[in-house]
Amino acid sequence: MDLRRYLAVLHVRNLEFLRDRGTFGWNVALPLVLVLGIAFVFSGQGRPLFKVGVLAPPGVSAAVAAAPHLGDQYIQFIMVDDAATATTKVERHQLDMLIDVRDPTALRYWVNPSSPRGYALERMLDGGHPPGWERGAISGREVRYVDWLVPGILGMNMMFSCLFGVGYVIVRYRKSGYLKRLYATPLTAIEFLAAQVTSRLMLTLAITVVVFVATDLLLDFYMLGRWIDLLVITALGAISMISLGLLVASRVTSEELAGGLLNVLTWPMMLLSGVWFSMEGTPQVLQWAAQMLPLTHMLTGARAIMLDGKSLLDLWPQVAALTAISVGSLSLGAWWFRWRVD
Amino acid sequence: MTPLIEVRDLIKQFPGVRAVDGVSFTLGAGTCFGLLGPNGAGKTTTVEMIEGITPPTSGSVLYKGEPLGQRFKLEAGIQFQSTALQDFITVRENLRLFRSFYPRGMELDALIALCSLGEFLDRDARKLSGGQRQRLLLALALVNDPDILFLDEPTTGLDPQARRNFWDLVREIRARGKTILLTTHYMEEAYVLCDRIAIMDRGKIVAEAAPDALLKQHGCATLDEVFLKLTGHELKD
């Protein structure tokens with residue numbers, strides 16, 4: 001491998017990316033807006049767990065009237081005037097419970113037996129303080145939804161950047177004849193591909209770090225583990241996804257086909273890798289399928305480092321999986337790579 | 001003396017069509033050899049097999065008596081019929097990139113002067129005119145100071161003035177002793193630039209000689225007439 005040729009291709013690819021203001025701006029703006037937007041939506045005291053309709057005496061607020069019976073946290077009390085309308089809402093699960101406290105001597109409540117939230121509220125109404133039990137309290141910093149979600153959003157952005165940024169670009173180079181022109185020079189496939197991987201890795205990591213640091217300054221993410229471990233698992237994830245992009249682009253000559261193939265990779269990762277919600281409790285077959293996807297391992301690792309304080313040693317299964325995906329895809333992609341349109 | 005390029009019985013078979021059918025010729029150092037023929041005659045396929053870009057179905061190509069290899073890549077300059085470059089990259093950056101691929105080559109200042117690129121060195125290559133773009137692509141082909149230069153339809157799509165400017169440039173490169181293999185479907189271009197011409201039709205070479213010798217052999221006034229006489233159909237522009 002000739003280092004001079006590799007560095008020249010790397011430099012020009014970086015210039016091409018950085019000068020494409022639309023693509024560059026989108027790569028930075030999308031994760032920034034998503035993280036801040038979701039933090040804003042889920043900020044404050046947290047969303048109420050339950051919605052309770054209250055039929056209260058005139059002049060008394062719903063919260064004041066209902067609090068003695070249900071407490072005042074995690075429940076949104078909604079004053080209702082018409083019992084018939086309110087019971088319909090309970091029937092449709094729009095309200096989890098309806099209580100009538102207009103007459104202190106004849107308190108009444110309604111729940112829908114098929115509503116899990118109604119069941120929980122009914123237990124709360126029964127008391128929640130069983131005799132013979134001592135109550136213990138645990139304090140600690142809350143893990144907000146945004147703390148759990150931020151690796152997912154940044155990982156999703158990286159996934160699109162790595163897969164499309166490499167796969168689509170190489171197919172465009174091949175289709176336009178640029179790869180054929182390079183093939184007529186002494187540049188080797190390894191030098192060209194190594195430069196593409198390095199360029200995308202550098203730029204994706206730089207953008208991800210900038211967005212993470214900027215949003216962390218505003219939102220102060222939960223972080224128990226080491227920053228260097230987070231960077232390493234992120235870099236491994238990026239390399240594995242770039243390698244998959246290279247594999248897809250190794251021979252394809254149509255941008256439409258490349259787009260379709262890349263979508264086949266990105267959609268399962270969007271849905272199964274735990275970007276938006278945990279896969280715990282989903283059917284086993286989906287969890288097995290998720291283990292085939294690099295984003296799953298990257299997000300599992302990143303969340304374990306941030307939220308549980310795990311180290312890379314603890315995360316060896318994820319490190320091994322990402323390394324295996326990278327080595328396998330890169331080797332196969334380099335072997336299969338074609339410069340020209342046949 | 002070993003010819004610079006020796007082409008032996010090249011055949012390229014695509015599904016349902018034989019694009020090149022037994023092409024053979026030799027190319028001596030310092031000559032300008034023209035492959036002349038209409039669109040679809042097999043010129044580009046032939047030249048891409050000689051360049052090592054397209055594998056032949058059968059036949060062989062020798063460069064300085066050896067099969068094509070790394071030496072050929074280091075010593076050949078190629079201007080394809082159509083080549084895209086990377087977006088957002090300037091003329092200067094493209095020249096530096098391609099120069100970095102070779103251990104030896106022309107000084108960039110001399111190359112810029114030769115191809116008259118000085119006025120738009122910092123311009124995005126996508127924003128060049130047709131003639132400027134062809135001069136850049138020629139400069140990229142010359143960046144390694146090649147022993148042999150391949151020019152595949154280099155003036156197609158250029159206006160008459162830009163075409164004549166390009167011819168002047170090719171003459172200057174010839175004067176420096178470079179060997180050139182030119183494909184074209186312009187008879188005038190072949191006549192004014194080439195020492196020797198091979199006329200191709202339907203994948204075969206139907207005549208090969210110096211331009212004036214071809215005219216004399218067939219008793220024609222122009223190469224168009226020679227082509228019509230040999231193939232029975234006209235060479236369309």
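In which strand of chain B does Leu10(B) lie? Leu10(B) belongs to strand S1 (residues 5–14) of chain B, and we will come back to this residue below. This is a predicted model, in which local features need pLDDT of at least 70 and side-chain atom pairs count only at pLDDT 80 or more, while totals for chains, interfaces and linings use all residues. Residues are numbered from 1 along each chain as its sequence is written, and chains are lettered from A and ligands numbered from 1 in the order in which they are written. Helices (H or I, at least four residues) and strands (E, at least two) are DSSP runs, numbered from the N terminus.

**Chain A as a whole**

- Chain A holds 13 helices and 4 strands.
- Its radius of gyration, taken over C-alpha atoms, is 27 Å, whereas a compact globule of 342 residues would have one near 20 Å (the globule rule is 2.2 Å times the number of residues to the power 0.38).
- Along the principal axes, the C-alpha atoms of chain A fill a box of roughly 95 × 40 × 40 Å.
- Helix H8 (residues 189–219) of chain A has 31 residues and spans 44 Å from first C-alpha to last, close to the expected 45 Å (1.5 Å times one less than its number of residues).
- After H8(A) comes Asp220(A), with a positive phi near 50 degrees.

**The sheet of chain A**

- Four strands form an open sheet in the order S2-S1-S3-S4 (chain A), with mixed pairing; two strands pair if DSSP finds at least two bridges between them.
- Strand S2 (75–79) and strand S4 (108–110) of chain A are the edge strands, each pairing on one side only.
- Strand S1 (residues 50–55) and strand S3 (residues 97–100) of chain A run parallel and are joined by 4 bridges.
- Within S3(A), Met97(A) is the bridge partner of Val52(A).
- Helix H3 (residues 62–70) of chain A packs on the sheet and touches S1, S2 and S3 of chain A, its direction making about 135 degrees with that of S2(A) (axes are lines fitted to C-alpha atoms, for helices over the stretch in contact, and angles run from 0 to 180 degrees between N-to-C directions).
- Helix H4 (residues 83–91) of chain A lies across S1, S3 and S4 of chain A, at about 150 degrees to S3(A).

- Chain B has an open sheet of 4 strands in the order S2-S1-S4-S5, with antiparallel pairing.
- Strand S2 (17–27) and strand S5 (66–67) of chain B each have a single partner strand, so one side of each has no neighbour in the sheet.
- S1(B) pairs with strand S4 (residues 58–63) of chain B over 5 bridges in the antiparallel sense, and Val7(B) stands opposite Val61(B) in S4(B).
- Leu10(B) is buried because 23 other C-beta atoms lie within 10 Å (buried means 20 or more, exposed 12 or fewer, partly exposed in between, with C-beta atoms placed from the backbone).
- Leaving aside neighbours within four places in sequence, the contacts of Leu10(B) include Val20(B), Thr46(B) and Gly59(B); a contact means that the C-beta atoms, placed from the backbone, lie within 7 Å.

**Where the chains meet**

- How many residues of chain B are in contact with chain A? There are 21, in contact with 19 residues of chain A.
- H3(B) gives the most to the side of chain B that touches chain A, with 4 residues.

Methods
Contact = placed C-beta atoms within 7 Å.
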